[in-house]
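Biologist: Could you take me through this chain, from the confidence of the model to the packing of its helices?

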Amino acid sequence: MVTMTEELEQILLRMTQPDNAVIQQATIQLKQVFKDPAIIPALCAVMRGSQNPQVRQSAAVMLRLRVKKQWRKISPPDRESLKAVVLQAFMQETEHQVQHSLSQLCAMMVKHETPESWPALLQLLNQATKSANPHDRQVGLLLLNKVIESNPEPFHPHYNQLLQLFSTVLQDHTNPTALYYCILSLTAMTVYTGTQHMNQMRAIIPSLIVALKHLIKADESQAGEAMEVFNELMESEVSIIVPHVADMVGFLLEVGGDSTLTDSLRVKALSCVAFLIKLKSKTVLKQKLLLPILQAIFPILTAEPPPGEHDPEDDEDDDGDGTDNDNPKHCAAQVIDTMALHMPPEKLFHELMPLTQTCLTSDKAYQRKGGLMCLAVLAEGCADHIRNKMLSSVLQTVCQSLSDSNQVVRSAALFALGQFSEHLQPEVSKHCEELMPLLLGYLSSLNQTKVGHVTKAFYALENFMENLGADIEPYLPTLMDTMLSALNSTDSLKIKELTVSAIGAIANAAKELLVPYFPPVIESLKAFLTTTTEEMRSLQTQSLDTLSVLARTIGKEVFSPLAAECVQLGLKLTDSIDDPDLRRCTYSLYSSVSTVSPDCLTPHLTPITTIMLLALKSNEGITAHLDEVALLDDDEDDKGAKDSEEIADDEPDMDVHDAAAFSVENAYIDEKEDACDALGEIAYNTGAVFQPFLESSFQQVLEMRDYPHEDVRRAAFGAMGQFCRAQHKVWIENPTDVNHQALLKMLDVVIPSFLEAVRTEPERQVVMGILETMNSVIKSCKEEVFKNPTRLKEISTVIRDVLKKKTACQDSDEADDDDQEAEYDAMLQEFAGEGIPLLAASVPADSCAPVIFDLLPLILSKTKSSCTEAEKSFSLGTLGEILQALIHSSGGRELAGQLSSRLFPVLVAGVKESDAEVRSNSVFGLGCLAQAAGPLVASNYPTMLGVFSNLLSKEADPRVIDNLCAALCRMILSNVDAIPLEQVVPVLVARLPLKEDLEENKTVFSCLAMLYSHSPALIVKLMKPIVDSSCHVLSNKEVDKETQKILATLLKQFTKQHLADFQAAVNSLPGDEQAKISAVISMA
């Protein structure tokens, strides 16, 4: 026995040598020794008897691994003696690192047992933590911390006693290490505390804040870790914190603003403030903490860096991707960003704008920069408020700042402009004539060697161009000349990369207008993609991205000939280069190709799906946060010895779903997200040929819905929806029972998981994504979703929960009677509300009536005069869409008639609103009410005609006028005899063609076709304006084929029955329009 212990100690000693060859040799020997059944007693002997602390620590780590894997194989008597030996070793140990490893060993043993089955451990904890000796207390709290962290729940019966202990420990500021372990234990317990512990927990908070102040003085790194207690309290039991919120925020802001402290500690404090705002913005507002937070944040946001230094984002080598989050200034901007996303804009801007204005007019450059950064981060969360109330003034500020004498300010202005372009659409694009020349001029004046600043200019230009649509046309020649010459003339790979990215943005706007420039662009991209050198990697990734954009935008005819080559190119790249970013971009490329030429993917679906499913399964890029490295896995050579019970008990060494213990590199997260997106889209676009891969893809994506990172969860739910739509399409094309059962089986898994996630998912963005996906599934699969008899009730209940702010991601405050809310909170409710008309369109009216009557008060509550324009627009639009769904629903007419008395006055009031979108949606709703209820609302026709006539005489907004024309047509289609046609139809035709709401052309021309058979003389009198407007419809790509067919049939009838009048109308048109009409008629 002695020899084994000595041999083991020698091997472990060699493992500590700074020589790889020695360590490798020792590892081989160690694996041999581990096969000996006497390894556990030998490890115990070394752990207690070695003179070398590193060896004692290694023995403790090895023993922990053995206990983790083999606990059930150890006999009960041996377990008891092991427990005794470990506690003895712990009590006699003097080195902190070894105590640390021994406490982790104890924690592993407690995890397999319960605290009650190890009374000696509880006794030791009780004695040590209450000892008069400060060192014993510290060691006792270390042990307590490790055993509680490993398994907090079994300690639940002791929580009252533990909280009393913590209350005492937190008062002793002379022992900072004891404070540290005490706070970590409290953090681990928080999630399991019950109502019976609330008062004790609340009483501890003031001492906790004071203790943290002392811990900061002793050890900033430990203090940063201990501050996690606030996040845990906020997330799991916020009611504990509420009475102390002001004190907690005061402390965190003091730490965040103290420039003598480390950046990481200040960032931790500011992150806690942002987390509080995200979870409990109403509490922050109620306790009047908004202004104090802003007053503390602004000095951080506008602080000047030390002389001779820059903020990280202003360094010349900054690549503009905003990845440097670990500085207080960035975190201060994030606090404001979080406010914008989670607070009502009116309340936020009331306090924020005076501070921002002061900064923007300051003579100090970093104050001006801070003001611009503030405007930039508001754009996403408060988009409606800025667009409707202050767009021209903030744009003017930003544009003036582009000519600021200081580059730091100009950079911030470019960032702000990029953010505005991304979030304030479509209004920002309307300023194209001022902004485009300004941006082009700015770009041409830049010094190309200042790559950091050039990057920011490209960012602004790209975001602005991307959303321009056809308005980009006048600038295309200049833009593409600039881009192509940059590709050919610069040696800088970064500028080439920026240029390739910009071409993608131009393509998104220009679409087919880019065709003349396509050959030279493709030539450049191919050249970049066939080079294999490492330094080209970033440029290649960007080239793949831009190629994907071109596939979607340039037009099928132009891109299809290249599709097969693109797929092969992608596969070749991923075969030869192991890079998550590059792989991710190939997934997007395959996805794009599936939209234009799905057949090109068919021969390659096996390698394509294999690589994506591997990316989803992969644990690459994951870092375990473990204090010691597991030196070896002792079961490696003992595979056969595992019985099934052991395997069931085995914990995986790496469970990525344990979010707290792991961090994942961003590139691998992005790869998983893009793999989900691509699998979903490819499945849908390739249809039946994807069937052999559908089940394996579905199962793997299903597992990703619990992934720690929210973007991956959102993408997984999106792909699940796409798989349902793909299976539905396959069944429609090939309606076999097997295909139908596969669809119903899939829906029975997917819809319940959507509903559960909407209720329980903490991230609002994920819930919005799920609701949007669920809506698309209901829209595609219609009644199939409701084959399960409980489904309608379940879905409507979840919609109701969201509208009543009852889900996990909503900050509901029962006592809160304030109607104002953050824009994104309202947007979440809109996604839920959009589901109601889809339900109405999918099930018979008598089934849907109880759901509509149940949800109606929640929709109507958002039409009140005190509501925002966005809320009124949403609610009135939803009412209109419900009525539109009832037009084609079985029993819809009766239900629309029942709803009319409640909806008619609300819609009429909406027509008189000052906001054009609200008026437009109200007019649409009235038209749909008339069409859905028909003769049942005949008594309302005179009022409607009066309202419409009054509106037509003064309305200037083109979309409202389009909806007025369509509403009149719906009234005629539904009840032609109730309309004075001679007065109404000429007024209606005079307003054609429709300018903005082109979908309503279908309603208008269906009505005119009906009138031609009902009252031909009236239509013949209006032949000329009807023929005039028809040219706009026939030549517009945005008008659907069905509408164009209705119109073509009407024109054909004109030629048969009233040829002379028709010919006279056509002859007054320009030659090209005459030819177009002739061609259409000949094909009709």
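What follows is a set of questions and answers on confidence, overall shape, helix packing and backbone geometry.

Biologist: What average pLDDT does the chain have?

Modeller: This is a predicted model, in which local features need pLDDT of at least 70 and side-chain atom pairs count only at pLDDT 80 or more, while totals for chains, interfaces and linings use all residues. Residues are numbered from 1 along each chain as its sequence is written, and side-chain values use heavy atoms, with hydrogens and water left out. With pLDDT being the predictor's confidence in each residue, from 0 to 100, 94% of the residues score at least 70, and the chain average is 89.

Biologist: What radius of gyration does the chain have?

Modeller: The C-alpha atoms fill a box of roughly 115 × 75 × 65 Å along the principal axes. The radius of gyration is taken over C-alpha atoms, and the globule rule is 2.2 Å times the number of residues to the power 0.38. For 1084 residues a compact globule would come near 31 Å, which agrees with the chain's 34 Å.

Biologist: How many helices and strands does the chain have?

Modeller: Both are DSSP runs numbered from the N terminus, helices being H or I of at least four residues and strands E of at least two. On that basis, the chain has 54 helices and two strands.

Biologist: How is α45 oriented relative to α46?

Modeller: Axes are lines fitted to C-alpha atoms, for helices over the stretch in contact, and angles run from 0 to 180 degrees between N-to-C directions. Helix α45 (residues 916–933) and helix α46 (residues 941–954) pack with their axes 12 Å apart and at an angle of about 150°. Angles under 35 degrees count as roughly parallel, over 145 as roughly antiparallel, 65 to 115 as roughly perpendicular and the rest as oblique. Therefore α45 is, relative to α46, roughly antiparallel.

Biologist: Which residues make that contact, and how do they divide by class?

Modeller: R919, V923, L926 and A930 of α45 meet Y941, M944, F948 and L951 of α46. Ala, Val, Leu, Ile, Met, Phe, Trp, Tyr, Cys and Pro count as nonpolar, Asp, Glu, Lys and Arg as charged, and the others, Gly among them, as polar. The division is seven nonpolar, no polar and one charged.

Biologist: How is α51 oriented relative to α54?

Modeller: Helix α51 (residues 1023–1034) packs on helix α54 (residues 1071–1083) with axes 10 Å apart, at an angle of about 75°. V1027, S1030, C1031 and L1034 in α51 meet E1073, K1076, I1077 and V1080 in α54, and this contact has five nonpolar, one polar and two charged residues. The angle makes α51, relative to α54, roughly perpendicular.

Biologist: What is the phi of K288?

Modeller: K288 sits in the loop between α16 (263–286) and α17 (290–301). Its phi is positive in a residue other than glycine, with a value near 55°.

Conventions:
Contact means heavy atoms within 4.5 Å.
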